[in-house]
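Here are some notes for a first look at this model. Please read them with the structure open.

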Amino acid sequence: MQRSRPDAVVDLHAHSDHSDGTEPPGVVVEQARAAGLDVVALTDHDVVTGWAEADEAGRRAGVSVVPGIEVSCSWRGISVHLLAYLPDPQDAALGAELEASRQSRDTRLQVMIERLRADGYPVSEDEVRRVAGDAGALGRPHVADVLVREGVVATRDEAFVRILSSTGPYYVTHAAPDPVVATGLVVAAGGAAVIAHPFAGSRGRVVDDTVVADMADAGMVGIEVDHRDHGPQEREHAATLADRLGLLRTGSSDYHGRGKQNRLGEHTTAPSVLDRILAAGTGTPLLGAPL
């Protein structure tokens, strides 16, 4: 197995316009190089469609690309995000779960738009799909982009705070697997599973430690500790829990291009941790340039 250079700069969470980022996968990789990264993970929500373009861009730019998915999960109505690194994209069971989530997102989108239009917001499904472009997983960020385009709000962040909050009248849930079940599916598909920003209370309710422990029992290997949405107390909590459960600590940007303020490389993962993730993820090879 390839091993990372000890000075490699590694960001294990980034999105392209194949989900809710604003840039094509190749541009994300080019931006990663411009930001001084040696390794970047492409982790679009519930899709793998950006991997091939990211692979080609990584080879050109000299950036190693960790192929990943951010699997949208739910536990008792609480959103949980599971980063799946290096899973087999042809795995039938994982693929079926992701397809079910994508189909549910489409139904959810229609209901959300109906509610917004009933209250006079200038949003249509056609416009949301035009704004989303190549995105395979449609969601609130694309609705927010239409609200920005129509001048209702200035930014995505404002749209989420004022209109699209998970506690607001326009929020609609969608089908998503239990995080413990999803962890098992990722592991069975040869992936390395890491829970993303588990204690980001600014996003809404968060799961308790027992859920994280159950995910670890199902084969999860790490916790995303260093993240913009974790304050000092949340980072300490996540790090302590990771150590208690024998899990890896990761850090990353959760980059979305213009969709969020997060900047590539603002939080990073130790190369030694990346090596252990690569050892655990056997479903598909590393993409882009060699380590």
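1. A caution comes first. This is a predicted model. Please keep that in mind for every value that follows.

2. Start with the largest pocket. It holds about 1400 Å³ of space. Its lining is made up of 50 residues. Ser79, His81, Arg140, Phe160 and Arg203 are the ones that lie nearest its centre. Find these five residues, and you have found the middle of the pocket.

3. Which elements give two or more residues to the lining of the largest pocket? Three are strands: β3 (64–75), β4 (78–85) and β5 (192–196). The others are helices: α3 (92–118), α5 (140–149) and α6 (156–162).

4. In the largest pocket, 21 lining residues are polar. A further 16 are nonpolar, and 13 are charged.

5. Move on to the second largest pocket. Its space comes to about 280 Å³. The lining has 16 residues. Closest to the centre are Thr22, Asp145, Arg156, Arg258 and Gly259.

6. The elements giving two or more residues to it are α4 (125–132), α5 and α6. Which of them has the largest share? That is α5, with three residues.

7. Turn to the helix pairs. Helix α1 spans residues 25–34, and helix α2 spans residues 51–61. They pack with their axes 8 Å apart, at an angle of about 30°. Angles under 35 degrees count as roughly parallel, so α1 and α2 are roughly parallel to each other. Their crossing is right-handed.

8. Which residues make the contact between α1 and α2? From α1 come Pro25, Gly26, Val29, Glu30 and Arg33. On the α2 side they meet Glu53, Ala54, Ala57, Gly58, Arg60 and Ala61. By class, the contact has five nonpolar, four charged and two polar residues.

9. The second pair is α3 and α4. Their axes come within 10 Å and cross at roughly 130°. That angle makes α3 oblique to α4. Is the crossing left-handed or right-handed? For α3 and α4 it is right-handed.

10. Look at the side of α3 that faces this partner. Asp106, Leu109, Gln110 and Ile113 in α3 meet Glu125, Val128 and Arg129 in α4. The contact of α3 with α4 divides into three nonpolar, three charged and one polar residue.

Key:
Residues are numbered from 1 along each chain as its sequence is written. This is a predicted model: local features need pLDDT of at least 70, side-chain atom pairs count only at pLDDT 80 or more; totals for chains, interfaces and linings use all residues. Side-chain values use heavy atoms; hydrogens and water are left out. On a 1 Å grid over the protein atoms alone, a cavity is a set of points where a 1.4 Å probe fits but cannot get out, and a pocket is an open set with protein on both sides within 12 Å along at least five of seven lines; lining residues have an atom within 4 Å of a point. Grid points are joined across faces, edges and corners, and a volume is the space filled by probe spheres set on the points. Helices (H or I, at least four residues) and strands (E, at least two) are DSSP runs, numbered from the N terminus. Ala, Val, Leu, Ile, Met, Phe, Trp, Tyr, Cys and Pro count as nonpolar, Asp, Glu, Lys and Arg as charged, and the others, Gly among them, as polar. Axes are lines fitted to C-alpha atoms, for helices over the stretch in contact, and angles run from 0 to 180 degrees between N-to-C directions. Angles under 35 degrees count as roughly parallel, over 145 as roughly antiparallel, 65 to 115 as roughly perpendicular and the rest as oblique. A crossing is left-handed if the near helix is turned anticlockwise from the far one by less than a right angle, and right-handed if clockwise. Contact means heavy atoms within 4.5 Å.
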